[in-house]
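Visitor: I would like to go through this structure with you, one question at a time, beginning with a single residue and ending with the whole chain.

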Amino acid sequence: KERKISIISKVVPVITPELTKLALKSKPVTLKGEEVKNISLESSWEQPVCWSPANPFLYYLITEIVDVKTGEVIDRRNDRFGFREIWVTGNRIMFNGHPMTILGANIVQHSEFYDNQRYYFMTPETWNQTIDRLFELNLRTVRFHMQPAPSFILDIADERGLLIIDSAAIYAREYILQSNKKIYLENCIKWIEPWVKARRNHPSVIIWNAENEMGAGWLKWMTESEMKSLGDAIRLYDKTRPVNYDGDRDVGDEMINLHYPEGYTNTVSGSIYAWADTVSPEKPTGVGEFITHYGKNGNINQWWQGTWVRGMRYVYFADI
């Protein structure tokens, strides 16, 4: 059985859905039986309202599959998004055409340190309170450590203007050393596709963290080219954001990331500006974590870690 269909889409502001800002329509397409076809629609768009922390403006892309003969709407979906651009030029990160310095927090969604912390979990009911506290501290970015942020966190971040560094669940642990590296990498790359596709329309996500401390970090298991292969896999599904390799310095991609510039088990002295000599003149340099609470100075260091909110450790990330 044949059916002739057309794809009709429109872009509307979330706050005024009655106003159509962009309209798109495909040519009629004939489908036979269970046949599957990919249809792409594109259009220029003059002067969209840009999403930013100061103005988290959101749109809906409303898409319908319509039977050409009867006008019946066969299927319909709404996708929420914000229009904004981020890229790297030299050693600067550019956001909507302006240089930006990322000041933010590293959040572990549940505590894994047993000596003096309890387990806490973020919920839709408490996440807005956490964002309020972040904003009070003049923090506008959260890096989610060890695992991707839950979808409700990204939804609310889109609405509030909080910037997110979303991390893959690829992070250094001793048991990984027992794995077959070839199979492990293959499975990582398979996992990357659904992760990125599910999150790439969130304007709050500004950077992908491909992994954490798998190479130059303490595990020393992956080579630079193996780590970069994860970033290359991310770019197969999204080329609009920089890719970061947290704690693994320079793997040959467009960003550099350090962990613990003051030394892994040391107590910090001076200020973050003393780390300026670590900044590359060619690539943005980030500090994804600092001041560990491991080791003999772990408990002492907690005074410098900033504010604790429900067991979450706040730290600093910047291109300085």
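Visitor: Where is L219 found, and is L219 buried or exposed?

Guide: This is a predicted model, and in it L219 is found in the loop between strand 12 (205-212) and helix 4 (224-237). Buried means under 20% relative accessible area. L219 falls below that cut-off, because its relative accessible area is 7%, and L219 is therefore buried.

Visitor: Which residues is L219 in contact with, leaving aside its neighbours within four places in sequence, and how many residues apart in sequence are L219 and E174?

Guide: With those neighbours left aside, the residues in contact with L219 are A172, R173, E174, I176, L177, E213 and M214. For L219 and E174, the C-alpha atoms are 7.3 Å apart in space, while the separation in sequence is 45 residues.

Visitor: Where is R249 found, and does R249 count as buried, partly exposed or exposed?

Guide: R249 is another residue other than glycine with a positive phi, here near 60 degrees, and R249 is found in the loop between strand 13 (243-246) and strand 14 (256-259). Because R249 has 48% relative accessibility, R249 counts as partly exposed.

Visitor: What length does helix 1 reach from its first C-alpha to its last, and which of its residues are buried?

Guide: Helix 1, residues 124-136, has 13 residues and reaches 19 Å, close to the 18 Å expected at 1.5 Å a residue. The cover over its buried residues includes strand 9 (104-108), strand 10 (141-145) and helix 2 (151-160), and after the helix comes N138, with a positive phi near 60 degrees. The buried residues of helix 1 are T126, W127, T130, I131, L134 and F135.

Visitor: Over how many bridges do strand 4 and strand 5 pair, and which residue is the bridge partner of Y60?

Guide: Strand 4 (residues 59-67) and strand 5 (residues 73-81) pair in the antiparallel sense over 8 bridges. Their hairpin has 5 residues between the strands, and G71 takes a positive phi near 80 degrees there. In strand 5, the bridge partner of Y60 is R80.

Visitor: Which strands are the edge strands of the open sheet of 3 strands?

Guide: The order of this open sheet is 6-7-8, with antiparallel pairing, and its neighbouring strands are turned by 45 degrees against each other on average, direction ignored. Strand 6 and strand 7 (residues 92-95) pair over 4 bridges, and T89 has R92 in strand 7 as its bridge partner. Each edge strand pairs on one side only, and these strands are strand 6 (86-89) and strand 8 (98-100).

Visitor: How many helices and strands does the protein have, and what percentage of its residues count as buried?

Guide: The protein has 5 helices and 15 strands. Among contacts with a separation of 6 or more, 67% are between residues 24 or more positions apart. The accessible surface comes to about 16,300 Å², with 51% of it belonging to carbon and sulfur atoms, and of the 320 residues the share that count as buried is 49%.

Key:
Residues numbered from 1 in each chain as written. Predicted model: local features only at pLDDT ≥ 70, side-chain atom pairs only at ≥ 80, totals over all residues. Heavy atoms only, no water. Helix = DSSP H or I, 4+ residues; strand = E, 2+ residues; numbered from the N terminus. Expected span 1.5 Å × (residues − 1). Buried < 20%, exposed > 50% of the residue type's maximum accessible area, 1.4 Å probe, protein only. Contact = heavy atoms within 4.5 Å. Pairing = 2+ DSSP bridges. Axes fitted to C-alpha atoms, helices over the stretch in contact; angles between N-to-C directions. Areas by Shrake-Rupley, 256 points an atom, 1.4 Å probe, with all protein chains shown as cover.
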